[in-house]
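Dear colleague,

Please find below the structure that I am handing over to you. My notes on it follow directly after.

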Amino acid sequence: MSSSSFPNPVRVLRRGERDEEIIKALKNEGFDINACMQCGTCTASCLSGRWTALTVRKVMRKAALGDSSVLESSDIWMCTTCYNCYDRCPRDLKVTDAIIVLRNLASARGFIHKNHRKVVQILAKTGHAVPINDKIQQVRKELGLPKIPPTLAKYPEERELLAKTLFQLAPEEGDEQ
Amino acid sequence: MNTGYSFFLGCIMPNRYPAIESATRFVLERLGINVQEMERAGCCPAPGVFRSFNKPDWMVAAARNIAIAEANGSPLLTVCNGCFGTLFDVNHALKHDEELRKKVNEKLEKLGYHVKADGEVRHIAQVLGFDIGPSGIQQYLKRKVKLKAAIHYGCHFLRPFHLKQIDDPEDPRILEDYFEALGVESLNYRGRLLCCGAGGGVKGAHAEESMKMLLEKMEGIAESGAEAILDICPFCHLQFDGGQKILNEKYGTDFHIPVIHISQLTAFCMGENEIGMKYQVIAPEFRLEVRNPD
Amino acid sequence: MFVCHCGENIAGKLDVEEVAEFAAGLPNVEFSTDNLFMCSKQGVELLKEAVRRHKLNRTVVASCSVEQHWPTFARAVEEMGLNPHMHEQVNIREWVSWVTNDWDNATEKAKSAVAAGVKMAALKEPIETQKLDVVKKVMVIGAGVAGLRAAMDLAELGIPVVLVEKEPSIGGHMTMLNKTFPTDECPMCTLSPLLNGVANHPDIEILTLSEVSKVEGSVGNFVVEVTTKPRYVHDNCTSCGRCSEVCPVEFPNEWDMGFGMRKAIYKPYPQAIPSTFTRDKKHCIECGLCEIVCPVQAVDFSMKKEKREFNVGAIVVATGYEQYDPVEITAYHYDHPNIITQLELERMLAPTTLTKGKILRPSDGKVPESVVIIQCVGSRNDQVGNAYCTGVCCMYALKNAGIIKEHLPNTDVYICYIDIRAPGLYYEEYYKKAQEKGIIFIRGRPSNIEPDPYEEKLTVFVEDTFTGEPVEIEADMVILSAGMIAPKGFGKLGGKLGLLRAKEGFAKEYHIKMGPMRSSREGVLLAGTIQGPRDITKTVAHAGAAASAAAQILVKGFLEKRLDTAIVDKDLCIKCLACSTVCNPGAIDVDVDGYAFVNDTACKSCGTCAGACPTGAIQIRNFRDAQLKEEVIGLLEYNRLVGAAQ
């Protein structure tokens, strides 16, 4: 629209430009985003929001408007899933669940932090998000525990089957920072 | 009394804080609770990280762990809030939603498992704090501690409240009541019910932000004059233990407060001397003081 | 046959012309047409003209409900010399057009309903009406401002009133308030003329410490039993207060919300009416000092509970509201001494309480430097089951914030709110005035209040949603604007009165627009907050409307009752009296020969007896088995016809 090279700073609401996938995904999880009255109980509950750019209320607002920037920003990844907002919402909205829905959608579009990709690789390789190492094996022995716990750490074939079946991440779409 | 538990190890306890594992095994043995191993169990998987990538897959992986306990024929026991968050919530969802159970089983059967979701998922803090209880534990104690401590609940033990229904998440007493029965003087401190800042995948991808949240938590604890932090979750444990060192190194603080898991403290009071404090990052020299009988 | 368009209400959803054409072809139909608004003057004239021209002896209007416009058309046919019950109403609006978007099926369904109605019309029997005497007396339950207003309005119309109050004194919540918005008037000053007027009115009998224990009868003639707890002090009490002075028992006064003290023998507040003292048996240690010291021997421990029966023509329910108990929202830690409700603040501000009207921090008596008011506590909250907005809290919060500012100009006063709701004349102006007083408005609902671990202070966590920043407010005191809820005991009373209640617990009104002062039961009216939260202005207006509606029933001296009641066919009656057993209003007696006999006055035409009768001997006029059968046949025949055609 604009002939200048500056992007239009005003968000224009136009029919057909809403990201309906966001709205649909939330609806499928039983989350009625339009029932939010923007009271801010969620933001006020949020430890993360005191230290990061996450403003849960705004995330909910943007999601309700189908604003896809909410998926591209790292804000939704600042939630520690403490469930304070979820338990306190006066409209009884399952806010933390909504954030997970948005993260799932962001992941499906390839917006996954490189460290998170690494964790998935470690899980695939070791069966654990935090794997065993030599030092701990030694400590385990000293404490009278088996050096390797009887978990997936001991079952490589089953690890492989799991890795092939679960958590196939979408290709990188730009690391969310 | 139940005949035993399927002991779910998870990741951080066996692979970072094995002393919590040995202490838990010691406590369960002293309580006469039979421990069944969960052969082939994996990551719970973590409710913050893995659920965020793909919730259906997260459910399948969790259901696999639940199915292993079901095959054992005993309720699943965890010592970690993260594992509890995943396994309890998934078990609850599967129990109450037949459609979902069918869908999860379709994928789970490809892995060679089947979940019924007719059993229970329990946290060690429930078993000690509620089933055995502050008075019930007395007969098992060899000694009590002299310790002023800041108790940290973590998040997924009490929330979401409508699922967990263990204690009021806005003013819980279950851990205070239990730890006080072991001789602990529990301190009220600023941010007592705050998150440690590790969960949700934040620690993994946004370490600095995670440390800022820990800093707020630690300032409240330090202000209270606590001699130790008592927790019920290896991930919170990792955040407090390793995190204090990072804060001291990167942010110029001087925190030096030992972190003790509920299993470690209980094991000590039941007579176990080696609760693994020496393997921890912060205050490896710390030794618990025994309270003289009044 | 007249098919109504009801503007677009019906004609927008189905083909009214087709329905009218269809009806024209039915047996017994002499004339059929459609009309834009049958209830309009033109519509009614059309019907009357058709009756005259075609010499019709039955009419059917297919439009809205019996409740809504049967009376309109019945009156019209009556004017044409027919019995009003010769008119049959078919509802194709609520039952058809309002509940579908399927044009074709709606048209078909309307046709089948019309076919059934025409069948029924052919068999309708004339019904007479009977004049019933009514008792020209009203019972008003609850003596808050609503009950007082209703009692006064009725008494001034010459209708005697029995005013029943469960507390020891009359006046209700309004007497607890310090000021009222939007004029900041003293509520005792504005209320006391009414209080004294009611107390001294020759046509009003006041029963305090009393509750309704039984209700029988029906509109025009209720029999109500009232149980009165003993006061243990006779009416010759001079209110000198010596008994209270010597009483050794002291504890928090309920009326002062714990901000004042009282003795076991007491008057809740100095201006209380009646001024007779009350002995609180639960807390009394029976030392007998009060008996000894009373100069007129009014104290009497031997007084007993009393039951009395009253015959009244109508009942006004004005049992008011209760303040929501914020203890349920545990994140707000209402158990902390420095977190109080607005009603508690109102009492703190009274000169007779412990702080002598000063605003002080309850835990230590310090003058607060920062006060946070939190809105929507227990309102607009699905978690606690109260989705509704109380609609009053914004205004009283503005009022009390202003009062705090007047008392303590150097104190910071915050109001944390979701939306400020101040609609109507003088209310927005009041909001603006509060803004000008320097109150700090924060648009955000606090998530939690954390008591400081080391000091008496509190921290309120809230997002300033205008800046989008999380904010912490350090507060010496927090005041919760707790919403209004239905009073706890109302389920019991509502049950005795046979009232429907809304899911929120309030009494359900007859119609939210056209009958907010009528209840679900004829002859029982609603006044004030028992029907839903509202402020004093609206309560007084509502109470006046309830009084007027009660008077309407009684001023004529009689009711006209339609005798479409139950009737017994003695040839079929086997004297089993199953009908009498199931009859809820107790309208069925036995005659001298042992047959069931219906008391038309008491019969509610509910038809339960007809269902219970093994032989079909007892029937409801115009709802007889034979008539209903014909109606059903009409419906089924049409459906078969259509089914065969398809």
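I begin with one ion pair: A:R50 and B:E216 form a salt bridge, with their closest N and O atoms 2.6 Å apart. The term denotes a side-chain nitrogen of Lys or Arg within 4 Å of a carboxyl oxygen of Asp or Glu.

Please note that this is a predicted model, in which local features need pLDDT of at least 70 and side-chain atom pairs count only at pLDDT 80 or more, while totals for chains, interfaces and linings use all residues. Residues are numbered from 1 along each chain as its sequence is written, chains are lettered from A and ligands numbered from 1 in the order in which they are written, and side-chain values use heavy atoms, with hydrogens and water left out.

Chain B and chain A

The rule finds eight salt bridges across this interface, together with 35 residue pairs in polar contact, both residues at pLDDT 80 or more. A polar contact is a pair of N or O atoms within 3.5 Å; within protein, one must be able to donate a hydrogen and the other to accept it, and residues adjacent in sequence count only if both atoms are side-chain atoms. On the side of chain B that touches chain A, helix 4 (55-72) of chain B gives the most, with seven residues; helices here are DSSP runs (H or I, at least four residues), numbered from the N terminus. In total, 64 residues of chain B are in contact (heavy atoms within 4.5 Å) with 60 residues of chain A. The two chains bury about 5400 Å² between them, 62% of it on carbon and sulfur atoms. Buried area is the accessible area (1.4 Å probe) that two parts lose on being put together, summed over both.

Chain B and chain C

Here nine residues of chain B are in contact with six residues of chain C. The area buried between these chains is about 680 Å², with 43% of it on carbon and sulfur atoms. B:E170, B:N188 and B:R190 supply 63% of the area that chain B buries against chain C, more than any other three residues. B:R190 also meets C:D452 in a side-chain salt bridge (2.7 Å, N to O), and the rule finds one salt bridge across this interface. Three residue pairs are in polar contact between chain B and chain C, with both residues at pLDDT 80 or more.

With kind regards

Technical notes: Helices (H or I, at least four residues) and strands (E, at least two) are DSSP runs, numbered from the N terminus.
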